[in-house]
Amino acid sequence: MAIKAKLTTFDTTMIVVSLVIGIGIFRTPAIVAGSTQTPFLFFTAWILGGLISLFGALTYAEIGSRFSKPGAFYKVVAESYHSAFAFMLNWASVLVVNGAGAAAVAMIGAEYLNPVILPARLQTQLATQLTATGLIIFLVVINYLGIKTGAWAQNILSLMKIGMILLLVLAAFRSRGIETPGPVEAVATRPFWIALASGLISVFYTYGGYQCTINFGADVKRAQRKMPTAIFFGIFIIIACYLLINAAYYKILGITGIAQAKLVAAELAHIVLGKMGYLFISLAIFFSAMGFVNVTLMQIPRAYYAMAEDGALPYIFKRVNSKTQVQEFTLLFFGATILLSIYFLGTFENLVNYVMFIDSLNLAVVASTLFSLRRKARLEGSYGGYKVPLYPLLPAIFVLFLFSVSLNVLLTQTRPALFGIAIFSSGYPIFLFMRKISKKKTQNQEA
């Protein structure tokens, strides 16, 4: 059963927002402030990171417009280069790491929710795991009811997330704040370009995630026109929220205060909202976490769909309920991997670190398919959809930046990067094995 388009431009815009704005913006600014040392470099990193992400959004908008297929993040590499290469880049992240990532975020959401709903004596590690389990089951049920039901839940969570960020910003700018100190003394001797580069990497990862929107290529109504629009609106909302909340952090805490804060958003909320600050930030982080988990439950099954369509996974992962447009088996399978990860998270966290190098490389490879898609379009005929401006300059800058991030990870975190390469290489025999199984099942069905 083929996937039918059900999502509107607004649905897709909210998906973009929740794919990017998770819990990072409540923590990452402290790392960026510690790296960049001065207000000028701190804001330069956030602005430059936003600009590079905008280049990426423009690039992925054209890819999404030209290649509006389910699981396009995998499928466009398979068709532009080779199926085995696409599988090797994606197998660990799609089959394992995304489940662990969703579990980790659900656990963080539960850690902030439990103090609000449970007495102190019940706030144990087991209670956190049980709360996270309940939240995952609830979201799986919501998404099982239909792609539109999942989208409605996503819209509510995204709007609450944006609203709470804006309320915190408004409270900060209405507050008198404190006198802003100078640069962080401990790292003030670092060359500015090293400080900026270090901060920029953290900023860029905080902006990441919008790329996976192209997995909804078959779900978005009139995707060729609406997908670029949603990505544009989404990335502009994200950049605005990030710059505003960082300006609020700086106004209240100064650059030293940001760098020294364990959870910078909590420090800000405590100062500007008083006793209500902890409750406010707990709910903000909880809604952000749930928004990220929900959108992960929505988009990862489409990646499984593309793999199954390509013969890299059994056909059952491709089955879609014609009424709800949900891959029921795939959703339950993925939900189960998240639940298992909640109770065996330590092992999976290590794997996430090991595939960081491949993740950056994967983003670069997917972005580079635009050159292949353009070349193919010139051979096959006209194209009336969205085109990235200043082509090939903007896509080239974005791709080169991503390759430089991968190179930096390889040079500075060599052991995890080499382990990531080993995981990448191990995908080839797995791909051949899965193809063989899929081929046999297809032959048996035809017989």
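Is Phe401 buried or exposed? Phe401 is buried, with a relative accessible area of 14%; buried stands for under 20% relative accessible area, exposed for over 50% and partly exposed for values in between (1.4 Å probe, protein chains only). The structure is a predicted model, in which local features need pLDDT of at least 70, side-chain atom pairs count only at pLDDT 80 or more, and totals for chains, interfaces and linings use all residues. Residues are numbered from 1 along each chain as its sequence is written, and side-chain values use heavy atoms, with hydrogens and water left out.

Aromatic pairs were examined next. Rings of Phe, Tyr and Trp (its six-membered ring) pair if their centres lie within 6.5 Å; planes under 30 degrees apart are stacked, over 60 edge-to-face and the rest tilted. The count comes to 24 aromatic pairs. One of them joins Phe204 and Phe401: the ring centres are 4.9 Å apart and the planes stand at 70°, so the pair is edge-to-face. This pair links distant parts of the chain, 197 residues apart. Phe204 belongs to helix H8 (residues 192-207) and Phe401 to helix H15 (residues 393-412). Helices (H or I, at least four residues) are DSSP runs, numbered from the N terminus. Phe204 is buried too, at a relative accessible area of 5%. Phe286 and Phe287 pair in another way: their centres are 5.5 Å apart and their planes lie at 55°, so this pair is tilted. Both Phe286 and Phe287 are buried.

Phe204 and Phe401 also belong to one aromatic cluster, together with Tyr60, Phe73, Tyr205, Tyr210 and Phe398. Elsewhere, a charge meets a ring. Arg374 lies over the face of Tyr391, at 3.8 Å from the ring centre. The criterion is NZ of Lys or CZ of Arg within 6 Å of the ring centre and within 35 degrees of the ring normal.

The axes of helix H2 (residues 28-36) and helix H9 (residues 223-260) come within 10 Å and cross at roughly 55°. Axes are lines fitted to C-alpha atoms, for helices over the stretch in contact, with angles from 0 to 180 degrees between N-to-C directions. H2 contributes Pro29, Ala30, Ala33 and Gly34 to the contact, and H9 contributes Asn246, Tyr249, Ile255, Ile258 and Ala259. Contact means heavy atoms within 4.5 Å.

Thr330 sits in helix H12 (residues 328-343). Thr330 is buried, with a relative accessible area of 0%. Neighbours within four places in sequence aside, Thr330 is in contact with Pro301, Tyr304, Ile316 and Phe317.

Key. Helix = DSSP H or I, 4+ residues; strand = E, 2+ residues; numbered from the N terminus.
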